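Subject: Structure handover and notes

Hello,

Here is the structure I promised to pass on to you. Please have a look at it first, and then read my notes below.

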Amino acid sequence: MIPSAFDYAAPTTVEEALGLLSAADEAGDEVKVLAGGQSLIPVMKLRLADPSLVIDLGRIPSLSGITDDGDFLTIGAMTTHHVMETDPLLATHLPLLQMAAGTVADPQVRHRGTFGGALVHADPAGDMLAPVLATGATFTVSGPNGQRSVDAADFFQGYFTTAVEDGEILTSIKVPKYTGWGAHYEKFTRVAQQWSIVAVAAMVRIQDGVIAEARLGLTNMASTPLRATATEAALAGCALTQEAIAAACAHAAEGTEPASDLNGDAEYRRHLVQVVAKRAVMKAAGLQPDGLKRTRE
Amino acid sequence: MTTTAESGPAGAGRADIGRNEIGKARLRKEDAHLITGRSRYTDNMVLPGMLHLAMVRSPYAHAKITAIDVSAAKASAGVLAVLTGADIAGEQGSLPNVWPVTPDQKAPEHPAIAVDEVAFSGEIVAVIIARSVAAARDAVELVDVDYDELPVVMDLEEAFTDKVLAHTTLESNKSATWVFDSAEAGTGTSVEDALADSEVVVERTLYQQRLIPAFMEPRSTVVDPTGEQITMWSSTQIPHILRFALAITLGIPESKVRVIAPDVGGGFGGKLQVTPEEIITVVAARRMGKPCKFTETRSESLQVGHHGRAQVQRLKIGATKEGIVTGFSVNLLADMGAYLGLITSGIPILGAFMYNGIYKFPAYRFECNNIFTNKPWTDAYRGAGRPEATFAIERMMDELATELAMDPLELREKNWIKHTEFPFATVAGLEYDTGNYEAATAKAVELFDYEGLRAEQKRRRENNHPVQLGIGVSTFTEMCGLAPSRVLGALNYAAGGWEHAQVRVLPTGNVEVVTGSSAHGQGHETAWSQLVADRLGVPFENVEVLHGDTQVSQRGMDTYGSRSLTVGGMAVLAAADKVIEKAKVIAAHMMESSEDDLEFANGAFTVKGTEQSTAFGEIAFAAFSAHNMPDGVEPNLDSEATFDPVNFSYPHGTHLAAMEVDTETGHVSVLKYVCVDDVGVVVNPMLVEGQVHGGLAQGISQALYEEAVYDDAGTLVSGSFVDYLVPGAPDLPHYITDRTETPATSNQLGAKGVGEAGTIASTPAIVNGVLDAVRHLGVKDIKMPCTPSRVWHALQEAKTSGGVQ
Ligand SMILES: Cc1cc2nc3c(=O)[nH]c(=O)nc-3n(C[C@H](O)[C@H](O)[C@H](O)COP(=O)(O)OP(=O)(O)OC[C@H]3O[C@@H](n4cnc5c(N)ncnc54)[C@H](O)[C@@H]3O)c2cc1C
C-alpha cells in the first residue's frame with residue numbers, strides 16, 4: 001500500500017527537530033517523528049496515520065548509543081534493537097533489556113527498529129516496555145520548554161499513549177544497573193516471530209540461597225505494561241524450588257486487565273501469565289522449569 | 001533437511017547423455033534468475049503510458065448500493081476516470097463458474113464490479129484509473145458510496161437454515177445438493193443398512209476452518225490493448241483457461257487475446273481463478289486505449305483473494321467389534337462464500353471420491369450441500385476437496401480406534417486394501433491402479449520408532465508429565481493428475497483434462513520444449529529438461545522449456561491438481577517420441593539403411609550390429625539444411641502431442657507425527673514427523689522433496705496456525721499477517737522423509753502426482769497426534785487450528801466436566 005503524500009525533513013540536531021515540530025504545530029499541520037519506521041510506516045501505509053510532515057530522527061547522532069554513567073546506563077532513544085541485543089555494557093549490567101531486545105521480531109526489524117520508538121509507540125504487546133518498567137528507568141523528554149524527566153511508572157499511560165506530548169521528543173532513557181542480578185525475559189507466542197501473547201520480564205537478586213528481591217514486568221496484560229507487585233512481594237525470601245516459585249507466581253494475574261483477541265481470551269491470559277512468570281523467574285534464578293522447549297530459547 | 005537428494009554431477013558432460021537423467025537430483029534451472037533479482041513478476045512490467053488502477057471496496061458484507069458519487073474522486077489530481085458497476089454493466093459480463101455440479105445449481109450473477117448489491121466485505125464497487133498508483137489510491141477515499149445495510153449471514157450452519165439470505169436475489173442460500181450413494185451407483189451397498197447393522201457406530205462433526213492461500217506474490221495484472229491483440233500479463237496459474245474465460249466473459253474473440261503468466265510467485269490454487277480485477281483491468285484498458293496495471297496489496301490479497309476449505313463435516317462410521325469398517329456416511333455443508341468462482345462448486349465434489357481413503361469397506365454415502373454466506377468465495381486451495389476427505393476419514397479412524405481400544409495402526413491394517421488386491425475398484429467408484437500401504441507403513445513405523453515413542457508416551461502419562469506426548473497417524477491416498485476428460489465430462493465440468501506439449505528441434509540439435517503446464521514455482525523447467533534429455537539423449541543443459549504464454553504455448557490446461565508431470569509430462573514424452581520417429585526416417589536415409597535396422601540410444605541412431613551411427617544433432621542439422629531429405633519427408637523434426645490420462649494417479653503414504661502438548665500453556669509442538677510417500681517413479685528427488693516439505697508445512701499450518709476469522713458484521717478480523725498466522729521455518733520440525741516406489745500403471749513413466757500429497761496427509765496426522773496426547777485427560781475434540789488457547793480451554797473443560805477416562 002501507498003501512504004498519502006507527506007513532506008519529509010531530516011534535521012541533524014535535537015534543537016532543529018524541536019523547531020520543526022513547533023513550527024508545524026503553529027501551522028496546524030499533523031506531524032510525526034520517524035525513528036526506525038517499523039511501526040509508523042506500516043500505519044501510514046494502511047492510512048491509519050496521515051501526517052503531512054514526517055521528521056526523521058535518523059540523522060541526529062546524539063540520539064543513539066549506550067553510555068556508562070556510574071550507577072546507570074543511558075540509552076539513546078534511537079539505539080536500535082540490534083545494538084541493544086549485542087551491546088557488551090547491556091550484557092553486563094542489564095541483561096534483561098538485552099534479552100528482550102533479542103525477542104523483538106526478526107533481524108531485519110531489529111536493525112531498523114529503535115528502543116525509543118518502541119517505547120513511544122507503546123503497543124501493549126511490545127517487548128521493551130515491561131523490562132524497562134521493571135528496571136524503574138527514567139525517561140528524558142525534550143520539548144519546546146527544555147528537558148523533563150519522567151519515571152517509568154508514569155510514562156506508559158494507555159493503549160499507544162505515553163507521557164510524551166505533541167511537540168516533544170524522547171531523547172534518552174536512564175536505566176539503573178542491575179549488575180549481578182539474574183534476569184530472564186520469557187515471551188509466549190504461537191510462532192517464533194510474533195508479538196507477545198503474554199510475556200514476563202523478571203530480575204532476581206539471589207542471596208543466601210533464596211530470592212532476596214525480585215522485579216517483574218508484565219507484557220500485554222493490560223493497556224500498559226504492569227509491575228507484578230503481589231508476585232514480587234511473594235517472591236521476597238522465596239526458596240529456589242519450582243513449587244515455591246510457582247506458588248509466588250500464582251499472584252501474577254492480580255491487578256491485570258488483559259484483552260481478548262485471536263491469540264487468546266482474557267481468562268487464558270490470566271492463567272498464562274502465572275505459568276510464564278514462573279518460568280521467567282526460574283530461568284532468571286538459573287533453574288530449568290518443566291514445559292515445552294521453545295524454539296527461540 | 002532430511003533424507004534423499006543424492007545430487008547429480010553438476011553439469012553432466014557428454015558422457016552422461018541419455019543416461020540416468022530420470023531420478024537425478026538436478027538443481028533447479030529456474031532458481032538462478034529468481035534468487036539474483038532477475039525475476040520478472042507481473043508488477044515489474046512497465047509499459048509506455050501505462051495507467052494504474054485502484055479498487056473501491058465495500059466495507060459492508062451485505063448492502064444495497066443506493067448511490068455512488070464519484071465527482072470528487074474524478075476531480076482528484078492524476079485521476080483520469082472512475083468507473084462504477086453501472087458504468088460497465090453492459091460489457092463486464094458475469095464471472096465464469098465452469099463447474100455447475102448439478103443441473104439445478106443456483107448462483108447469483110457475478111459482475112466484476114457490483115451493480116446493485118454487495119454480498120461480502122471487500123467486494124468492488126468502483127475502480128479508479130489514474131496516472132500513478134499513489135493518485136489512484138488517494139482517490140479511493142474520495143468516492144462516496146451510499147449503502148443500505150442488509151442482514152448478514154456468516155456462519156455456515158446458520159446459513160443452511162435460510163433464516164437470513166446471503167443474496168436478496170436468491171430464495172435460498174443453497175446452491176446445490178450433490179449426492180453419491182454406493183448402493184445407487186452400484187459400487188457398494190446401502191450405508192444406512194450397514195450402519196444399522198454395525199456393532200459400533202461413531203458419529204462426529206468436524207470443522208474445516210476457512211483458509212487463505214497466502215502465496216508470496218500478491219496478484220497483479222497488466223493489460224496492453226494497443227496492439228492487434230489484447231495482451232494480458234497476469235500472476236496466474238492458468239493462462240490458457242484465463243484466455244478462454246476472458247473471451248467468453250467479455251465477448252472478445254479468443255484469437256484477439258494473448259495471456260502471459262511471467263514469473264509467478266506461488267499460487268497453491270489461489271491463482272486458479274478468473275478474477276474481477278483481471279476483468280476490470282481489461283475493461284479499463286480498452287476504455288482508455290492505454291495499458292493498465294492493477295496490483296493488489298497484501299491486505300487486499302488476504303481480504304478478497306479466494307479462500308479455501310470452510311466445511312462442516314457430519315460423519316458416521318460403522319464397524320464390527322473386531323474393527324472391520326462396515327460403512328461411512330458423510331454429510332457436508334460447504335461454504336461457497338457469496339459467489340461461485342471458477343470451480344468453487346466443484347471443490348467439495350473433488351473430495352467425494354476420497355472419503356473411503358485407502359480402505360475397502362462396502363458401503364458409502366456422500367451428500368454435500370453447497371451454501372452461500374456473506375464471505376469471499378472459496379475455491380481451489382492446495383488439495384482442493386481431498387484434504388477435507390482425508391482429514392475426515394483419518395480422524396474417524398482414530399476415533400474408531402479409541403472407541404474399540406485398538407491401536408490406530410492395527411485398525412487401519414485390518415481395513416486397508418492389500419497390495420495384492422490392486423487394481424482395486426473402490427466403493428466411491430474409482431479404480432486404484434497400484435499401491436503398497438503395507439510397505440510404506442512398515443518403513444514409516446521403523447523410521448519413527450513407533451514402539452519407542454509409545455513407551456515414552458506411557459511413561460509421561462504415568463508420571464503425569466506436564467508435557468504430554470501423542471502419536472498421530474495418517475495413512476492417506478489421493479486422486480490427482482487431473483484428469484481424464486471423460487470423467488470431468490461425467491461430472492459436468494466444462495473443460496477437458498488433457499495436456500499439450502511440443503518438442504522443437506533447433507538446427508544445432510538443441511531442443512525447445514513448449515508445455516501447456518504453467519509452472520509457478522514447481523520446477524517444471526528442470527523436470528521437463530530431464531525428461532527430454534533422457535528421451536532424446538541430448539544434454540540437460542541443451543533443453544529449454546517454454547511456458548506461460550498463450551502465443552508460445554498455444555494449447556494447454558495449465559497447472560493444478562498435481563497434474564503437471566502425470567499429464568503434462570506425458571505429453572512431453574509423447575511429443576519427444578514423435579521426434580524420434582521423425583528423426584529415424586531421416587537417419588535411415590542418411591545411413592542408407594532400413595528404419596527397421598536402426599536403434600536409438602544415447603542420442604544416436606545405430607545400425608544394429610554395426611558401428612555405424614548418426615547423432616541426433618547431425619540429424620537435426622540435416623533436417624534444417626534439407627539438402628538431402630528422403631522423398632516426401634518434411635524438413636522438420638518438430639512434434640507435438642496431446643495427452644489425455646486414462647485414470648487419475650493415486651499417490652499414497654504413511655505419515656506419523658509425535659506431538660508434544662504443554663498442558664500448562666496449551667502450546668503444541670511437533671517433536672518428530674515421519675512421512676513415507678509413494679509417488680511412483682521419481683524424475684527429480686530434490687523437486688519431490690521440495691513439494692513434500694512445502695506441502696507438509698501447509699498441512700501442519702492448517703492444523704495449528706491458520707484461520708480466516710470474521711466478526712459478526714462480516715469484517716475479516718485476521719486481515720494481516722499479524723493475525724493470519726503462517727509459520728516460519730523455526731516453527732516447523734525437521735522432517736524425516738522417505739519413499740517407497742510402486743509405479744503407477746496409468747502412464748508410461750509410472751509417476752504419480754506429489755504437489756498436494758504433503759498437505760493432504762499432514763493435517764489429520766497432526767490433529768490426531770494432539771488429541772492422542774490429551775485424550776486420556778478427557779479431551780474429546782479440538783477445533784482447528786489447535787491454538788494454545790483452544791488446547792488449554794479444552795483441557796480445562798475436560799477437568800471441570802470430570803471427563804477423565
Ligand atoms: C514485522 C514486525 C514485527 C514486529 N515484532 C515485534 C515484536 O515481536 N515485539 C516488539 O516489541 N515489537 C515488534 N515490532 C515493532 C518494532 O519493535 C518497532 O521497532 C517499534 O515498535 C517501533 O520502533 P521504531 O523505531 O520503528 O519507531 P517508528 O515506527 O519510527 O515510530 C513509532 C512511533 O513512535 C514515535 N516515535 C519514535 N521515536 C520517537 C521519539 N524519539 N520521540 C517521540 N516519538 C517517537 C513515532 O512518531 C511513531 O508514532 C515489529 C515490527 C515489525 C515491522
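Helices (H or I, at least four residues) and strands (E, at least two) are DSSP runs, numbered from the N terminus. A cis peptide bond joins L482(B) to A483(B), with omega about -10 degrees.

Before the rest, a word on conventions. This is a predicted model, in which local features need pLDDT of at least 70 and side-chain atom pairs count only at pLDDT 80 or more, while totals for chains, interfaces and linings use all residues; side-chain values use heavy atoms, with hydrogens and water left out. Residues are numbered from 1 along each chain as its sequence is written, and chains are lettered from A and ligands numbered from 1 in the order in which they are written.

**More on the backbone of chain B**

The peptide bond from F422(B) to P423(B) is also cis, with omega near -5 degrees. P423(B) sits in the loop between α12 (408–415) and β16 (424–425) of chain B.

R309(B), which is not a glycine, has a positive phi near 55 degrees. R309(B) belongs to strand β13 (residues 308–319) of chain B, and at 6% relative accessibility R309(B) counts as buried (buried means under 20% relative accessible area, exposed over 50%, partly exposed in between, with a 1.4 Å probe and protein chains only). S562(B), again not a glycine, has a positive phi of about 45 degrees. The position of S562(B) is the loop between β21 (543–546) and α17 (564–590) of chain B, and S562(B) is buried too, at 13% relative accessibility.

**The ligand site**

Which residues are closest to the ligand? They are V33(A), G37(A), L40(A), T114(A) and D127(A), out of 28 residues that surround the ligand (a residue is near a molecule if one of its heavy atoms lies within 4 Å of it).

An N or O atom in the side chain of T114(A) is 2.6 Å from an oxygen atom of the ligand. The backbone takes part as well: a polar backbone atom of A35(A) is 2.8 Å from a ligand oxygen, and a backbone N or O atom of A105(A) lies 3.2 Å from an oxygen atom of the ligand.

On its own the ligand has 960 Å² of accessible area, and the protein covers 88% of this (areas come from the Shrake-Rupley method with a 1.4 Å probe; for residues, only the protein chains shown count as cover). The elements that give two or more residues to the shell are β2 (31–34), α7 (115–121) and β10 (169–176) of chain A. Of these, α7(A) provides the largest share, four residues. By class, the shell has 14 nonpolar, 11 polar and three charged residues (Ala, Val, Leu, Ile, Met, Phe, Trp, Tyr, Cys and Pro count as nonpolar, Asp, Glu, Lys and Arg as charged, and the others, Gly among them, as polar).

**Aromatic pairs**

F139(A) is buried at 0% relative accessible area, and F156(A) is buried at 9%.

In chain B, W178(B), F180(B), F353(B), Y355(B), Y364(B) and F366(B) form one aromatic cluster.

**A buried histidine**

Lastly, H240(B) lies in helix α7 (residues 239–250) of chain B. At 8% relative accessibility, H240(B) counts as buried, and the side chain of H240(B) reaches the backbone oxygen of S553(B) at 2.7 Å.

Best wishes

Definitions and conventions. A polar contact is a pair of N or O atoms within 3.5 Å; within protein, one must be able to donate a hydrogen and the other to accept it, and residues adjacent in sequence count only if both atoms are side-chain atoms. Rings of Phe, Tyr and Trp (its six-membered ring) pair if their centres lie within 6.5 Å; planes under 30 degrees apart count as stacked, over 60 as edge-to-face and the rest as tilted.
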